[in-house]
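Please examine the structure below alongside its sequence.

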Amino acid sequence: MAEVVAADDEKRAPYIDAIRVAPEICGTLLFLIADSQSDAAEMAKRLVTDAEDHGAEARLIRAIGDLAAGRLRSIIDNDGDLDYERPADRSGAGRAVDALLRRLHAGVIQLARELLIRPADDPEAIAVSEAQTIFAEVGDLCIASIEGVFDVDGPHAVSVFPGPLHLAKLLLALSGDLAEAALCRVRAPSGVDGSQWWRIIRRAANKRPYLWRNHRAALDKGYLTKGTSAAISFPTGGGKSTLAELKIAAALLAGGKVVVLAPTLALVDQTAFTLSNAFMDFSVFGDLDEEITFSDAIVLPEIIVTTPERCLMLQSIQPEAFADVGLVMFDECHLLHPREADRSRRSIDAMLCLLNLTHSAPDADLLLISAMMQNAEEIAGWVGELTGRPCLPLDLAWKPTRQARGCVAYSADRVTELEKLLATERAKATTKGVPTKLKAQLDAQPFAFFCLRQTWATRKRSDYALMALLDEPVLFATSTNKRTKDWYLTPNGNKVAGTIAAAAAEDGLKTLTFVQSTIAAESTVRHFRELLPKRRVVLTDEERAWRKLVEEELGGPDHCYLKLDAKGRVDGGAASHHAQLLKQERLLHESLFKRRDGIDALFATSTLAQGMNLPSDIVLIAGDSRWDVEGDKMKQLDAHELLNAAGRAGRAGEGGQGFVLVVPSKVINIDDAKNNIASHWMTLQGIFSQSDQCLTIDDPLTALLDRIHNGLHEGNEDYLLSRLPVGDDDAPDEPATAMIRRSFAAYRKRQAGKEKWIESRIDSALARRKELAPEQELTWLERVAASAGLPYEVVASLTALVEAGAFAGTATDCIAALFAWIEKQPEWLLQLIRPNDIEGLFGTDYRALDGDKKKAKHALPVLKTLLTAWMAGKPLCDLERAMGTAKKDIKTCETARHFAVRLAADLAFVAGLPARILAAKALASGEEFLIPTTLLTLSGAVRKGCANAELLANAVHLSDHSRPAARSAFAKIEALIPVGDNHESFEDTLARVRKAHDLALFDDL
């Protein structure tokens, strides 16, 4: 019966009449009164009227909907035409109601104006709200005494319009609350020009006019005050971005620059795009990858968004470029936390980047942001000590959305039945694996076991609901026990998740599914397409442009992950998102998923869980474990990884509720009659019983310093030592000592009263560093080595090569010289390039090689071949052919993609070393900075895939072209390029190439 009523209710239009107000209107206003703006926006989606209806009732309902959704400008803009239609009810009462609704509409328009006006200069001035006056006036008009009905001493009779009266009271109640929550009421911080502040705030308020309760609490604590830092650990969807933009505005208007650190290139792009829109009057630089030439005088833009690794590289070139930075913001700062058995240097680089920034820009405020951060107060204490100024711990657990979280489970009886069947058939089988015919019988009906609370905090059965998930059973997969050779059921998690996503798509719901690898993402996309083969999505003009660039870069549509039909439409309703996507490919997939009329499902790896805002109706997590290469077994995902992924479900303003469903890595069976559930559910319960703030961030330097102290140097210990700064002749160890003392590791030890630990680790680190790099007279060379994060002997050897004139030829000659140099000491390759990035080119055979020397000898010929084809402007499919990949195995160019996405930038760093050495030597000797154009542009040429400076200039000029297309265009203008000078600036090279393009245009005419 409730379903029938709900169905009828959905068909009914919202209404306001003499005696009633529709419940969805009242609900919307009550949510606003309760300071729940996101729920009000969600409810306001029900306030739909005929757009052609210009009566007072329809206009007022639309205005209330716009008020709740934050579309204040829309309310004001519609004020220009208030020629109301005549009411359908022409009786006296009908006309009275219409007049009251018109007046209430005028009050809502006035309220919208008041919410967008600049606050008075005098904070003590008491402003009288005209909107409140109007609402109070309507309330009075709705009630009138009727004389002569009763005796003087009897009851008092009144005439009432209950509908307008109730609405007027609700509007009167919320008007004062909304004024307090208005973004436009935030006054300029001390030292910031009020007019400039107002321009930024007014623009932001057009999109997001209300502050949530956690925002206001932060502002009340002095968050925007210059000299105040903050550690923010609001939950996912808790409005961290709003606070971040306010702090960025305050820093910019105070005359400082802003460095924004983000963990992934996808998040770098998204953040740069968001900030470009928010700060249109300021320069926003979105990726250090765009740096083309080596320069002795780097000038930062007003806002730079980059990864910690790339920022660390820029610091090593010119730390003084960061001196005027006023704010350092680190989004998803839990990247600082070391991961168990993590062979990468990401957390180390992140910590070193932060320590270097606070040293280079001592006056900068810090803004560390992570929904996962459990120890915000401790982090704030460290930042306060690091900067010598206050740091606020902002860790309110409130957020404006809710989630229903559950896991996929199966009937215990059915699972037992299938296990017995497997055991019986295994006893009779002659094959090692499960026969195909038997696999087809291994299916079961999936159920969703949802918790009725925000977190799985209890084990009371009444707090959980078990419900059917799909109409059809799903197939299990199987595996064989290595020791006993027994067969057993596995969840078939990726296909089950794909099947659930397809069912959700048929109900009009968007699903974001997290899988554990690129291969899993692509296979699940194919499975989704098989389930819904008729789904098609038309590309927008912008999406078609991205697709064209991707096809050209790869060498044809067959090498793209996303498949299009003959009409250029997306074949199937799903796409992937992972680290192997090219930049334009990633933008295309994200755009398709963001569109309401776009694709229905996105299958992503953990790269998307790092702060990306791609709201979805449902989040599926296909597997709660991943393969651990070191341990050669499956390993349970950390709590913060699962909770970070789950946080993508439901976002304020998009959907007040989100659904999260885990497809566990082990089969969960449930016997509802006996209240029994598989033990693996207890593991999940231990994770999902926590809030988002579940990770106590540690310092990666702690374990490294301990290992150095204990004489262990098998991992990243020597890398850390090579990154420690070097001082002048009289105090070469002072900067390194100071850096370790300023670290979070040292802070925690000081708080624990373990000063001896700090001193002993400093002594051990410095002693080990002297073993690696004995003191030399050329201290400038030691500083180059330290800033580049390389062993002294590597930089010294390369310096000798530079001084011998090995890099006097063309770019091709220089690259050949670099490879010849590395081949003499192949183990240096893994010092010059991140070992993880090289490992990504190869499989298990490479990992099995013993020692860096053997690994480097295996990798060098492949790297040289790929780089040669890359700089020749070849599409990625030709890179695959160059390294001998069989035609049938080229497919989506996996090896070449990895090279383009990861290794091109690493090799560009190596290619830039000769110029850095020459610049440092010139600076140390006081000589003129004079470096050949070839060396100035060698790093950029490698990064952009160009064979010389002129080709690089051509690629910059044709920035909207793909790399192969730009190379083809160059062939048409090459003969028209004027002769240049060997030591000209890149700007001069660019001017020559642009002139040739202009001449070519005249030739065409």
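In this predicted model, helix H3 (residues 37–44) and helix H4 (residues 56–69) cross at roughly 145 degrees, with axes that come within 8 Å of each other. The crossing of H3 and H4 is left-handed. On the H3 side, the contact is formed by Gln37, Ala40, Ala41 and Ala44, which meet Gly65, Ala68 and Ala69 of H4. Of the residues in this contact, 5 are nonpolar and 2 are polar, while no charged residue takes part.

Strand S12 pairs with strand S10 (residues 402–411) in the antiparallel sense, over 4 bridges. S12 also pairs with strand S13 (residues 464–468), again in the antiparallel sense, over 5 bridges. Phenylalanine 447 of S12 takes part in both pairings: its bridge partner is alanine 409, and it stands opposite alanine 468 in S13.

Most residues other than glycine have a negative phi. Lysine 485, however, has a positive phi near 70 degrees; this residue is found in the loop between strand S15 (477–480) and strand S16 (487–490). Because its relative accessibility is 46%, lysine 485 counts as partly exposed.

Cysteine 893 likewise has a positive phi, near 60 degrees, and lies in the loop between helix H37 (887–890) and helix H38 (894–911). Is this cysteine 893 buried or exposed? Its relative accessible area is 0%, and the cut-off for burial is under 20%, so cysteine 893 is buried.

How values were computed: Residues numbered from 1 in each chain as written. Predicted model: local features only at pLDDT ≥ 70, side-chain atom pairs only at ≥ 80, totals over all residues. Heavy atoms only, no water. Axes fitted to C-alpha atoms, helices over the stretch in contact; angles between N-to-C directions. Helix = DSSP H or I, 4+ residues; strand = E, 2+ residues; numbered from the N terminus. Left-handed = near helix turned anticlockwise from the far one by under 90°. Contact = heavy atoms within 4.5 Å. Nonpolar A, V, L, I, M, F, W, Y, C, P; charged D, E, K, R; others polar. Pairing = 2+ DSSP bridges. Buried < 20%, exposed > 50% of the residue type's maximum accessible area, 1.4 Å probe, protein only.
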